[in-house]
Amino acid sequence: MKFLVCISQVPDTTTKITFIEGKALNAAGVQFIINPYDEIALTRALELKEALGGTVTVIHVGTVGTEPTIRKALAIGADEAIRINAEPEDAFFVASQIAEVVKKNPFDVILTGRESIDYNSGQVAGMLAEMLDLPSVCVVTKIDISGTEVTLEREIDGGKEVVSCSLPFVASAQKGLSEPRIPNMRGIMSARTKPLQITEPSSGTKLTASVSYAMPPAKQACKMVAADKMNELVELLHQEAKVI
Amino acid sequence: MSVIVFAENWDGKFKKSTFEAVSYANEIAKQLSTSTTALVIGNVSEEDMKSLGKYGAGKVLNVKNDRLNTLAAQAYGNIVAEAAQKEVATVIVISNTYTGKNIAGRIAARLKAGLVAGATALPSATAPFTVRKKCFSGKGLTDVVITSDQKVLALTPNAFRVISGEGTASLEAFVPALKDSDLKTSVKEVKKTSGKIALTEAELVVSAGRGLKGPENWGMIEELANLLGAATACSKPVADIGWRPHHEHVGQTGITIGPNLYIAIGISGAIQHLAGVSSSKVIVVINSDPEAPFFKAADYGVVGDAFEVVPRLIEAVKTFKTSHH
Ligand SMILES: Cc1cc2nc3c(=O)[nH]c(=O)nc-3n(C[C@H](O)[C@H](O)[C@H](O)COP(=O)(O)OP(=O)(O)OC[C@H]3O[C@@H](n4cnc5c(N)ncnc54)[C@H](O)[C@@H]3O)c2cc1C
Ligand SMILES: Nc1ncnc2c1ncn2[C@@H]1O[C@H](COP(=O)(O)O)[C@@H](O)[C@H]1O
């Protein structure tokens with residue numbers, strides 16, 4: 001069975017985010033990592049491959065600077081990687097690039113993260129599925145494959161929905177789908193020699209652009225209420241904050 | 001030209017996020033001097049569909065088909081796209097709920113329309129069409145310009161207020177082109193976590209952390225939540241050690257919420273915790289340590305022992321409720 005995992009590169013979760021004149025992320029000193037949800041997707045793909053046989057390929061749309069992140073995915077256990085050599089500025093563009101590769105070289109299971117933690121969009125899985133005319137299930141906490149039957153669990157408000165579907169399919173990973181693995185020494189060593197294929201982008205359209213950035217509005221100073229004045233707190237929540 | 005809004009229902013009922021989306025769509029329609037059409041897929045009563053007029057929908061298109069009473073992403077995406085073409089819609093609005101997340105990308109790819117997933121405000125301009133959303137998990141905001149003719153906006157629940165007035169929508173049956181191959185996914189079972197209020201859509205949330213010392217002390221947390229009509233949440237370690245179920249865990253690795261009120265009791269306020277709750281409109285922190293980092297993110301703070309403060313708060317809420325009814 002052939003597994004494809006789409007990975008994006010994002011600032012480490014503890015990064016203090018600042019912008020350069022509201023026009024771009026200030027990348028100075030920022031450590032970049034594999035998007036955490038993509039790592040969850042990758043680990044589940046590896047588990048399924050170990051159970052069912054096959055190969056796990058990771059694909060990334062990005063310029064040469066992102067190769068350490070791709071090597072990390074190989075160290076975790078992916079068999080091979082594809083990098084499409086382009087700036088990933090827009091989800092439609094990214095999905096189109098990946099779709100072109102998959103049209104020439106089909107996969108049985110295509111996984112993404114539920115969203116990248118930089119732009120928090122979660123667009124790529126649905127777009128990719130539509131471009132490839134495949135079924136898709138987003139924000140999943142379970143993927144089981146038995147023969148050609150696939151059973152997934154997707155998150156819904158206040159619970160889970162059990163969904164069945166056939167191969168091939170696209171799904172986006174939510175935490176809980178797997179426990180990410182820390183690469184071991186052998187993985188790190190072998191990652192250096194695993195195949196990393198570089199593909200030039202096919203012509204693609206962008207439909208959106210982030211034109212400016214801002215910091216969230218600063219919080220008002222916290223109003224302190226004495227521990228024995230809970231009636232006062234309730235009044236403030238009612239009169240001033242108007243939330244109860 | 002028109003604005004179309006996918007009016008999501010759950011088991012035949014609309015939720016608040018649907019009314020928010022219709023209100024939002026109608027405000028955009030006003031910006032564009034056009035009208036709002038709502039699309040309903042599934043079995044919703046005629047009365048409920050007509051009532052979408054209160055939030056600005058002039059017309060409701062209804063797709064009734066027993067195979068579409070649960071989500072089938074490919075079919076839903078196609079239907080929304082088809083309805084958008086039929087109505088010559090330039091803007092397509094959906095809610096960025098779990099259902100919305102399953103169909104947004106599909107609609108956008110099908111129409112080759114730019115998508116802003118997680119819009120938090122009305123477009124700040126319509127030429128170029130510019131919409132604000134959060135980025136970097138709430139640590140920043142970005143203005144996104146959509147350059148395609150058609151635009152898809154997935155509205156963050158709880159970010160835009162419901163605007164209601166008078167009015168009834170007219171109803172029109174809509175029979176989309178549906179192929180068997182659009183129904184490659186099927187829902188086998190729905191597992192409800194509990195009969196209580198779902199955390200992701202709760203307007204009020206009472207949350208507690210390791211400061212509570214043990215699972216046996218959650219009685220007062222649940223009592224406070226019940227009194228307020230709030231959902232309960234917790235910090236990650238509390239779920240990890242099994243004091244609370246994992247579906248209550250909020251934060252970077254847990255659920256992200258943005259209720260009107262978040263009450264954090266005995267939670268230190270680590271950055272990973274804040275990542276999941278910082279879009280709450282009002283935050284109340286109760287913590288025995290005046291230096292707890294959470295106070296920096298709070299609107300109201302109480303320094304004190306939860307085991308004394310929470311029972312007093314419960315009494316105060318009870319008093320408040322009797323005096324306001
Ligand atoms: C990669 C990563 C991801 C993470 N993801 C998450 C996440 O999604 N969600 C999350 O919550 N955490 C997450 N964490 C953990 C996070 O860093 C904190 O460790 C965690 O949030 C602390 O939980 P806590 O506040 O309940 O416990 P503590 O940090 O132990 O804080 C307990 C608080 O209770 C107060 N207290 C003690 N006794 C009382 C009392 N009697 N009355 C009132 N207050 C009292 C203390 O002053 C203290 O502030 C993550 C960590 C990592 C490294
Ligand atoms: N540049 C990229 N290259 C490959 N996959 C990506 C890229 N950007 C996003 N993805 C995938 O799409 C998912 C959702 O991303 P997004 O739509 O940007 O929130 C991510 O979790 C990745 O799996």
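I count a residue as buried when its relative accessible area is under 20%, as exposed when that area is over 50%, and as partly exposed in between. I keep in mind throughout that this is a predicted model.

**Entry 1: A:Leu207**

I began with A:Leu207, which has a relative accessible area of 7% and is therefore buried. I located A:Leu207 in the loop of chain A that runs between β13 (196-199) and β14 (208-214). I then listed what A:Leu207 touches once its neighbours within four places in sequence are left aside: in chain A the contacts are A:Asp90 and A:Phe92, and in chain B they are B:Lys112, B:Ala113, B:Gly114, B:Val145, B:Ile146, B:Thr147 and B:Ser148. I also checked the separation of A:Leu207 from A:Asn231, a residue 24 places away along the chain, and found 53 Å between their C-alpha atoms.

**Entry 2: the surroundings of ligand 2**

Next I asked which residues come closest to ligand 2. Of the 19 residues that surround ligand 2, the closest are A:Cys6, A:Asp38, A:Val61, A:Gly122 and A:Gln123. Sorting the shell by class, I noted 8 nonpolar, 9 polar and 2 charged residues.

I looked up the backbone atoms that approach the ligand, and noted that a nitrogen atom of ligand 2 lies 2.8 Å from a backbone N or O atom of A:Val61. On the oxygen side, I found a polar backbone atom of A:Gly122 at 2.7 Å from an oxygen atom of ligand 2, and a polar backbone atom of A:Gln123 at 2.8 Å from an oxygen atom of the ligand. Taken alone, ligand 2 exposes 480 Å², of which the protein buries 94%. Two or more residues of the shell come from each of β6 (55-61), α3 (91-104) and β8 (109-113) of chain A, and I noted that β6(A) gives the most, with 3 residues.

**Entry 3: salt bridges**

How many salt bridges does the structure hold over all chains? I recorded 33, and followed three of them in detail.

The pair I took up to begin with was B:Arg106 and A:Glu130, whose closest N and O atoms are 2.9 Å apart. This pair crosses between chains, with B:Arg106 in helix α4 (residues 98-111) of chain B and A:Glu130 in helix α4 (residues 124-132) of chain A. I noted that B:Arg106 and A:Glu130 are both buried.

I then turned to B:Glu172 and B:Lys86, which form a salt bridge with their closest N and O atoms 3.0 Å apart. The partners belong to distant parts of the chain, 86 residues apart, B:Glu172 being in strand β12 (residues 170-173) and B:Lys86 in helix α3 (residues 73-86) of chain B. I classed B:Glu172 as partly exposed because its relative accessible area is 27%, and B:Lys86 likewise counts as partly exposed, at 40%.

The last pair I followed was B:Lys318 and B:Glu223, whose side chains meet in a salt bridge at 3.3 Å, N to O. This pair too links distant parts of the chain, from B:Lys318 in helix α8 (residues 306-323) to B:Glu223 in helix α5 (residues 219-228) of chain B, 95 residues apart. With a relative accessible area of 34%, B:Lys318 is partly exposed, and B:Glu223, with 35%, is partly exposed as well.

Finally I traced shared partners, and found B:Lys59, B:Lys86, B:Glu87 and B:Glu172 joined by salt bridges into one network.

Terms used
Residues numbered from 1 in each chain as written. Chains lettered and ligands numbered in written order. Predicted model: local features only at pLDDT ≥ 70, side-chain atom pairs only at ≥ 80, totals over all residues. Heavy atoms only, no water. Near = heavy atom within 4 Å. Polar contact = N/O pair within 3.5 Å; in protein donor to acceptor, adjacent residues only side chain to side chain. Areas by Shrake-Rupley, 256 points an atom, 1.4 Å probe, with all protein chains shown as cover. Helix = DSSP H or I, 4+ residues; strand = E, 2+ residues; numbered from the N terminus. Nonpolar A, V, L, I, M, F, W, Y, C, P; charged D, E, K, R; others polar. Salt bridge = Lys/Arg side-chain N within 4 Å of Asp/Glu carboxyl O. Buried < 20%, exposed > 50% of the residue type's maximum accessible area, 1.4 Å probe, protein only. Contact = heavy atoms within 4.5 Å.
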